[in-house]
Structure formats: C-alpha cells, structure tokens
Amino acid sequence: MHAELKRAEALACLDYATLAAAGDIGSLAHTMRAAYAAGLDGVTVPLRSSIQREEPFFAFDTMPAHSERHGLFVAKLGAVIPQSDPALKSVHALVAAFCARSGRPLAILDGDAVTHLKCAAVAAFVTDMCARPDASVLGLVGSGTQALVQLRAVAAVRPLRRVKVYSRNPHRVAAFVRKHQLQFPQIELQACASAQEAAHDADIVSTATTASLPLLGSADLRRPGLHINCFGNHTPQSREIPAEVLARGSIVIVEDMQTALEEAGPLHHGAYTLERLAAQDPAWLQPQRTVFSSTGHAFLDLLAVAHLIEKLGLDHRNIPSYGVEQQ
C-alpha cells in the first residue's frame, strides 16, 4: 500500500515529444473560449517577474498563475541568453504544476511544448472568432518555430488553400516551404520575396519575427475583414506592424489589459481582452479589420497545462471539464 501511494505521488517529468503528441490545438482553443466566456473569477495572474542584465544581455522570467476552478497553481520559468551559434537555443523554459487543493506537485513540463501549444490554441481561438469563415489565404511573415505554430493555429480553424511565406533569409523560407509542404499536402506553400507580397490578397496575416521595426506598411493591411495575428516583437519601442494600424480603424485584441499596457504600451488602451472577445458575436467581428497583439498571459499557460494533464490522465480529479470538446 505504501509503495502504491509513492507511485501515485511520483512527480511526472514530461518532455517535448510526449506533450506535442498529447496536445490538441482545436480542442484547447474551444476550451479557452469557454473559459474566458465563463469569466475570470477565481483566477489570479500577477505580472511576470524578470531579472535582467543588459551587457551582455540575459533575462530570467517567472510567470505564475492560479485557478480555483481548475485547482491548479502553475509557474512558467524561462532563461533567455542570446547565443551567437544559431544551432544553440537562446531560450530555455519549464513549467511547474501543483495541485492547488493539496499543494502536491503534479508535473514538470517542457516549457517550449506548453508555450507552442498555448500560442497555437489562443491564435486559433482568436482567428476563429475574427477571420471570415471562408478565409483561405494566409500571409505568414517569419519562418521559424513560431511561424510553424501560427500556420498550425490557422489551419486548425480555417480551410486554408494557400500560405504565402516571407522572412529576411530566403534560404530559411525555402527550407520552411520544402519541409512543411509535406506536413500540409492540402495547402500550397509559396515562398515570397517580400512581406508585402506575402500580405497581398491574404485573408489572414500572421507575423512571427524578431523585427523591431514594422515589416509591413499601413497600406498593406488596410483591407476590411482582414485578420492579423502578431506574435513577434510588441513593446512600447518596437513592433512588427505600424502603430497606425493599432491606433485607427482596427479592433485590437489582447490577452490581458494590464499585461498589454505594461509590456506593449498605451496604444493598446481600449483593446478587447479575451474575456470581452469571448462575449462578442463573430458575425459582427468578421467584416472588420481585427488585430491580435499578443503579449502572453500565464492563465493561458495554465489552461494548456490543464489540457495536457487531462489528456495524459495524470490527475483527472483536479481538472474539471467545461463540457466543450471538438469532435
């Protein structure tokens, strides 16, 4: 009996491959919408805490969250140390999950896996609300891991027939198209020579770069009904799309108002939070130009952890269902 108890209380350490296989973008996107529609009573998310040095740069970030409804404490921990060798990672992260009822540690999860699933699911949630139902062309600016995350997000909720890809390194664009065309045989992946070419005639534009200056002009993004997902640089000093697009003529969406104002600047004042977005009628949103300016929020990480714990059968008693699942 004592040995069985020890096995039941063993801490699960979950790697990227295990988590990537368990995560379901569409199902988690539906759960996110239901969670925000239910309201954030009982949810506590402090602003992230960061230790930083400028020369040479490093950062260590801590992002905690608590949800009474889920019975979870989570904390994402990340170290950022830029590497000159592109083969080496500059960001390392993990997520610790605890039962909020007993205090018992439940799991240590690979931080990249949680972040990638979280980003894909929230982008899918917002895109499903904002993009026209027949949106079929995605302009993708970026060719790294986050660009693939955004491709998967949009493909989960819209019938894509073409994805136009641009980044500043044409060799990386060619490699991205060549590699991922095999994963998405039903979609034509097209390499583009400029961000403008990628955005031209796109129904949805997703940006996922480290650029500090806008890669697209206001004229490239003026179409009514265009939905834009921004997952790259968004600070008061740097952003991937022009400030004018955020300031005028768009419905801007952020995960959390306090986080957006603190980390991305006052242009986000008046934006729709995810809680407000979940209460809207998509038929009203979809004819308008919408911009998801993502800065992250630890409650989304908590929802991703809850989803993964449930999928892996680690502790069903602590993870209630919202009753919303994608078949």
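I started with the second largest pocket of this predicted model: 20 residues line it, and Tyr16, His116, Leu148, Val149 and Arg152 lie nearest its centre. I noted a volume of about 450 Å³ for this pocket.

I then looked up which elements contribute to the lining. Helix H2 (16–22), H4, H5 and helix H6 (170–181) each give two or more residues to the lining of the second largest pocket. H6 gives the most, with five residues. By residue class, I recorded eleven nonpolar, six polar and three charged residues in this lining.

Next I turned to H5. I checked the length of helix H5 (residues 145–157): at 1.5 Å a residue its 13 residues should span 18 Å, and the end C-alpha atoms are 19 Å apart, which agrees. Which residues of H5 are buried? I listed Gln146, Ala147, Leu148, Val149, Gln150, Leu151, Ala153, Val154 and Val157. Leu148 and Val149 on that list are also among the residues nearest the pocket centre.

I went on to the cores. The largest nonpolar core has 56 residues, and those with the most contacts inside it are Leu109, Val122, Phe125, Val126, Ile253, Leu274 and Leu277. Helix H4 (residues 111–130) gives the most to this core, with 13 residues. I also found a second, separate core of 22 residues, which includes Val205, Ile228, Cys230 and Ile241.

Last, I took Ile253 from the largest core and looked up its partners. Neighbours within four places in sequence aside, Ile253 is in contact with Val126, Cys130, Tyr272, Leu274, Leu277, Thr290, Val291, Phe292 and Ser293.

Notes. Residues are numbered from 1 along each chain as its sequence is written. This is a predicted model: local features need pLDDT of at least 70, side-chain atom pairs count only at pLDDT 80 or more; totals for chains, interfaces and linings use all residues. Side-chain values use heavy atoms; hydrogens and water are left out. Helices (H or I, at least four residues) and strands (E, at least two) are DSSP runs, numbered from the N terminus. The expected span of a helix is 1.5 Å times one less than its number of residues. Buried means under 20% relative accessible area, exposed over 50%, partly exposed in between (1.4 Å probe, protein chains only). A nonpolar core is a set of buried Ala, Val, Leu, Ile, Met, Phe, Trp, Tyr and Cys residues joined through side-chain atoms within 4.5 Å. Contact means heavy atoms within 4.5 Å. On a 1 Å grid over the protein atoms alone, a cavity is a set of points where a 1.4 Å probe fits but cannot get out, and a pocket is an open set with protein on both sides within 12 Å along at least five of seven lines; lining residues have an atom within 4 Å of a point. Grid points are joined across faces, edges and corners, and a volume is the space filled by probe spheres set on the points. Ala, Val, Leu, Ile, Met, Phe, Trp, Tyr, Cys and Pro count as nonpolar, Asp, Glu, Lys and Arg as charged, and the others, Gly among them, as polar.
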